[in-house]
Amino acid sequence: MKPFYKRAYVWAPLIIALALTSGFIGAKFFGNGSNDERLSKLSSVIEIIDDNYVDVVNIDSLLEKSLPDLLAKLDPHSEYIPATDLQTVNEELDGSFSGVGISFNMLTDTISVVEVIPGGPSERAGLLAGDRIITINDSTIDASQWSMEQVRKSLKGPKGTKVKLGIKRSTSPQLLTFEVIRGDVPMNSVDAEYMLTPETGYLKINKFGRNTYSEFLTALVKLKGLGAKDYVIDLRGNGGGYMNVAILMANEFLPAGSPIVSTRGRIIDNESGIVADGTGSFSEAQLVVLIDEFSASSSEIFAGAIQDNDRGLLIGRRSFGKGLVQNQIALPDSSAVRLTIARYYTPSGRCIQKTYTPGNRKSYGNEIVDRFYNGEVYNADSVHLDKTHAYYTLTGRTVYGGGGIMPDVYVPNDTSGISSYYINVVNAGLLQKFAFTYADANRSSLQRATTTDEVIKMLPSDDTLLQEFAYYTRVTGGISPRWYYINISRDLIVNQLKALIARDALGMSSYYEVINRSDRSLNRAIKELSEGNAQFPIIPRDTVNTH
């Protein structure tokens with residue numbers, strides 16, 4: 001294929017293109033009655049079943065069960081969303097929901113408040129991290145009998161409604177009662193932003209939701225104020241979301257006129273080509289983007305735009321491979337259909353959607369598992385790229401379509417420190433349980449810390465922490481200490497315990513500050529930035545796709 005900058009294609013200005021990528025369709029599906037013979041056939045079958053089947057049939061229930069199967073015959077990403085699930089599904093991307101504003105866990109025999117979201121209803125009511133929820137609306141909660149989902153449903157509710165919580169707090173011998181008025185609770189997309197080095201800022205983004213761009217830009221500005229000249233954007237594990245958010249984010253780093261993404265579908269209204277408008281504030285910064293096999297959809301749009309324009313360096317492992325665009329279409333009964341309406345293409349012309357067989361979602365879902373079995377995540381030599389789908393970046397570097405985005409620098413999955421003991425304690429959830437128990441017992445002192453480093457300095461020595469954990473796993477989890485295997489996993493366990501305790505003390509950003517210190521992909525990113533290898537434009541070099 002010719003380089004994208006030599007191909008004929010009509011590219012729309014950013015602001016116009018966004019209107020094409022963020023709207024909804026649906027009215028034309030449910031206008032005047034249709035005489036289409038296919039719809040008449042479907043209606044006739046339903047009517048025949050309703051009138052003649054040997055047993056009484058709930059037609060509504062039959063349709064609810066049939067629609068998912070119908071859409072599954074199209075592609076792996078078209079789906080039916082029942083009305084009962086639509087609100088929850090939308091909340092994941094809308095950026096907020098109505099509730100009390102706490103993070104909690106059920107690792108012990110009670111519901112424990114891990115975090116009170118700043119500015120949320122619970123903070124205004126006076127709840128604190130470490131509180132135990134004993135009753136909800138005067139009903140005693142038995143954590144052994146209640147599921148996480150039951151607790152969530154009890155705490156969530158319409159904005160302005162009240163929920164009464166009975167709280168057990170370490171400083172009070174009596175049960176405390178709080179009346180919390182439910183309100184909007186933000187669902188943050190940026191898990192962490194902090195300085196990796198005096199000149200390098202780090203952002204961890206978990207999804208592309210409605211508020212992601214504003215959070216992203218705020219974090220970038222904050223890091224720039226702290227001295228950042230280079231940036232690492234971590235999209236590992238990010239399954240995507242709204243396409244227009246990825247476009248806005250890419251626009252911050254790309255020079256004017258740089259292609260970002262195009263969409264092509266059967267209907268002309270679903271086609272668009274989008275270019276950067278030159279208003280981005282970070283177009284001269286060095287940039288590294290981290291991706292892995294769970295980076296999908298909008299993550300791949302962002303990563304593809306950066307790679308094809310030679311704007312920055314991609315580090316990690318081959319991305320998921322989702323190049324299908326869905327639009328959510330409301331149905332008359334408040335359910336919805338998410339229907340694939342187009343395919344998206346990176347600036348070089350790549351459609352990175354991996355292959356699938358319509359109706360065979362099991363095989364499609366197992367493709368990621370197969371990467372672990374065939375060794376792709378552990379060795380670059382096991383990655384089989386489709387050389388028949390070769391494309392070229394701005395400077396002429398070869399990239400490939402047909403199944404995810406291969407990073408410029410491959411970093412294998414880190415299996416060092418994995419032992420049978422480590423696997424057993426992870427499967428039993430004992431790392432999280434110990435960390436919470438430790439943080440809870442030392443909360444008064446840990447809450448005096450204002451930085452992650454201060455939390456780490458408050459912890460006992462690595463040997464003492466590991467010994468306390470080994471004792472805890474024997475007493476609580478029934479897993480006997482086997483010091484040969486514990487020592488194999490020593491650094492891994494200690495680092496994760498410190499990260500989890502820091503999270504329980506200061507929040508998610510502190511978790512990443514600790515856990516990333518031994519992260520191979522991130523350490524490789526720091527090395528590449530320090531050597532100037534992420535300068536724009538990226539020039540073809542021998543280190544591409546190396547360990």
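Contact means heavy atoms within 4.5 Å. Helices (H or I, at least four residues) and strands (E, at least two) are DSSP runs, numbered from the N terminus.

Before going on, this is a predicted model, where local features need pLDDT of at least 70, side-chain atom pairs count only at pLDDT 80 or more, and totals for chains, interfaces and linings use all residues. Residues are numbered from 1 along each chain as its sequence is written, and side-chain values use heavy atoms, with hydrogens and water left out.

Buried means under 20% relative accessible area, exposed over 50%, and partly exposed in between, with a 1.4 Å probe and protein chains only. The arc is taken from the directions from the helix axis to the C-beta atoms. An α-helix has 3.6 residues a turn, so residues three or four places apart point the same way.

Helix α11, residues 420–427, has Tyr421, Tyr422 and Val425 buried. Their arc is only 100° around the axis, which puts them on the same side of α11. Among the elements covering them are α12 (430–441), α15 (462–477), α16 (483–488) and α17 (490–506). After α11 comes glycine 429, with a positive phi near 70°.

The axes of α15 and α17 are 10 Å apart, at an angle of about 90°. Axes are lines fitted to C-alpha atoms, for helices over the stretch in contact, and angles run from 0 to 180 degrees between N-to-C directions. That makes α15 roughly perpendicular to α17; angles of 65 to 115 degrees count as roughly perpendicular, under 35 as roughly parallel, over 145 as roughly antiparallel, and the rest as oblique. On the α15 side, the contact includes Asp462 and Phe469, and on the α17 side, Arg490 and Ile501. The contact residues divide into seven nonpolar, no polar and four charged. Ala, Val, Leu, Ile, Met, Phe, Trp, Tyr, Cys and Pro count as nonpolar, Asp, Glu, Lys and Arg as charged, and the others, Gly among them, as polar.

Last, α8 (residues 243–251) and α9 (residues 298–308) have axes that come within 8 Å and cross at roughly 25°. They are therefore roughly parallel.
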